[in-house]
Every structure is written in structure tokens, then in C-alpha cells.
Amino acid sequence: MSSSHAIALAPRIPIAQMRSVFSVHEVEQKLAKLPERDHEPLRNTYQRMLDKGPQRFQVKPSGLPAMASLYEELPNFHEVLDDVRRQIALCEDSGDPLEITPLLLLGPPGIGKTHFARQIAQLLGTGMGFISMSSLTAGWVLSGASSQWKGARPGKVFEALIDGDYANPVMVVDEIDKAGGEVSYDPLGSLYSLLEHDTAGSFTDEFAEIAVDASQVIWVATANDARAIPDPILNRVNVYEVQAPDFAAARAIAARLYSAIREQHDWGRRFDETPSAALLDRMAELAPREMRRAWMTAFGNAKLAKRATVLCEDLPEPGLKRAPIGFTH
């Protein structure tokens, strides 16, 4: 880690302006034109918008926030953290809103891409929406479905802005390379306009048919394979190829996770303050996503054995596969 990363910058209190994310007049007009019968979900949506009002917090740090712990916790994300840090620095002493160019994190499963996105949302203090594209079979999850369809509802972007408190939440599009759908329909189509600052300012959800200002949304997408992502998406994002942490970094992650789990639970005080070198060497062979489960298994096995020290034998067997459910022939 460079010296600039190691400096523990003093945390700054976030500051917020208010920003209107929709037109009250437009909502009132839509509500007035609704027939008295039927359309109850749409009517409830419009009424909810009017009850809460259009103003949302537009949050940004009042200065460079303390990020040293993130550099330590996420050693394989330094390039992305550097970019976020630069963009925060641009607006820290100005009246400009925080602008983060959409991020695409490419890398193998289990290396912490989704965890990184959650940490960025926590760092910026803006709240977070989560969209898993691996189970997506229609574009309505992003853009809403027409109210004429049975069971229709608004999309995730609309809900984050209308039901949330922030004009600039972090929206995580997880596993964007696995988006599926009908051949004739592109489930990522709405992202083309959402990822463009100018067109996102008047994004219309297909359910509510009301334009909302999504221009301040901070986008973080994750993927395993860029080849499955359309060029219009790749052209709108900063792409970062995130590698799995090396052995030393993985070992450090495992040590921090041991300490964190121990401190988060009352039962943790019954165990040694630090794990052995041999145990950390074994843990370093795992992907970061698997480490928490492995530690919890190991703590449980050590407790059953009435030991305060977690041993290598307490870890789950490597490569253990889930047993199939059902009859075998």
C-alpha cells in the first residue's frame, strides 16, 4: 500500500442538499385522470408519491473520508478505490454534487465484488439498492412493467428513488453478464439511458409512467465475463478487472475476518485472540466469499470439542460438495 493510502484521513460528516426527483404536478395530473374503478395499485403509487413529496437528500462527503481501512480490507480493489477517491476529491470543496462514473467490476466469483459495492454505499452514506440479474427473465425489474398487466409493479430504480431517502443511492447490478430474457426483448435496454447522465434525468418507469430524476444514481455493476455484456453497456462504464487477492492479502483478509467475527459475538471471547499461522495459511486458500462460512464452521467445531483454540481440523473439508436431494438409482 502506498503512503497516501496508509494516511488515516479524518472522517468527515456527510453533507446533503435537497433535490426534487419528480414533478408533483405531473403526478397530480396522472392521478386525476385515473378512472375511479380499478387501477388501485397505480393509484396507491401516485398517492404514496404525493404523501412523501419529491424532495430527497443528495448526499456527499464534506471532505475526503477515511478510506485506509477499505484499502486494507479490500487489497484487490485498490485501483477502483483510487478512482472513487479521485472523484470524491473533485467535489469535496465545491458546490457540485458527487458524480461517480458507473463502475463495472469484472472478476471470478467469490472475490468480494458485491461486498465492495456495499462498502462504497456505506462510505458515501447514501443507501443502496440491489438488483440480481442472474434471475432476471424480464426487463421490468429495472424499468417496471405496464400497469395494464396483472401483478405489474414499479421497477427497482423507481422504488429506490420514490420510497428511499436519497437522490443518489448506490444501485448494484449484480451479475450483469447473466441477464436473460426473451430473444425479442433486451432486459438491459433501460440501462442504456440510465447510465447516461443526460437521459437518466428524465427516466420514465413503465408502471407509473412518471419521469424521475435518476441522474444522480451511483451505479456499480458486477460480472464474471465481459464477453456476455453488450457494447452499449461497456461503452458507458469504467471497467475494472479485479483479480483474486494474492496469498499474503488473502491471509490478511482471513485474519481480519477472524477478529471481526470474534468481536461481533459474545461467544467470541471464549476463543483465542488470534488464530495460528497454520490456520491462516489454510484459510488463505479459500475465496473471500467462502471465508466467513469456514470460520463459523471452525468456531462451532472448536466449541463442540471444548477448545478455546481453533485448529486446522475444525475447518470444513476443502471442495466439499452439497449432497444431492432425492432418490438415487
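Helix 14 covers residues 288-304, and its 17 residues at 1.5 Å each should span 24 Å; the end C-alpha atoms sit 25 Å apart, so the two agree. Here the expected span is 1.5 Å times one less than the number of residues, and helices are DSSP runs of H or I, at least four residues, numbered from the N terminus. The model is a predicted one, with local features needing pLDDT of at least 70 and side-chain atom pairs counting only at pLDDT 80 or more, while totals for chains, interfaces and linings use all residues. Residues are numbered from 1 along each chain as its sequence is written, and side-chain values use heavy atoms, leaving out hydrogens and water.

On the buried side (under 20% relative accessible area, 1.4 Å probe, protein chains only), helix 14 puts M291, A294, W295, A298, F299 and A302. Looking down the helix 14 axis, these buried residues fall within an arc of 135 degrees, so they line one face; the arc is taken from the directions from the axis to the C-beta atoms. That set packs against helix 12 (247-264) and helix 13 (277-283), with contact meaning heavy atoms within 4.5 Å. Turned away from the buried side are R289, R293 and L304, all exposed (over 50%). After the helix comes K306, with a positive phi near 60 degrees.

Of its 23 lining residues, I111, G112, H115, P288 and R289 are the closest to the centre. Helix 6 (113-124), helix 12 and helix 14 each give two or more residues to the lining.

How values were computed
On a 1 Å grid over the protein atoms alone, a cavity is a set of points where a 1.4 Å probe fits but cannot get out, and a pocket is an open set with protein on both sides within 12 Å along at least five of seven lines; lining residues have an atom within 4 Å of a point.
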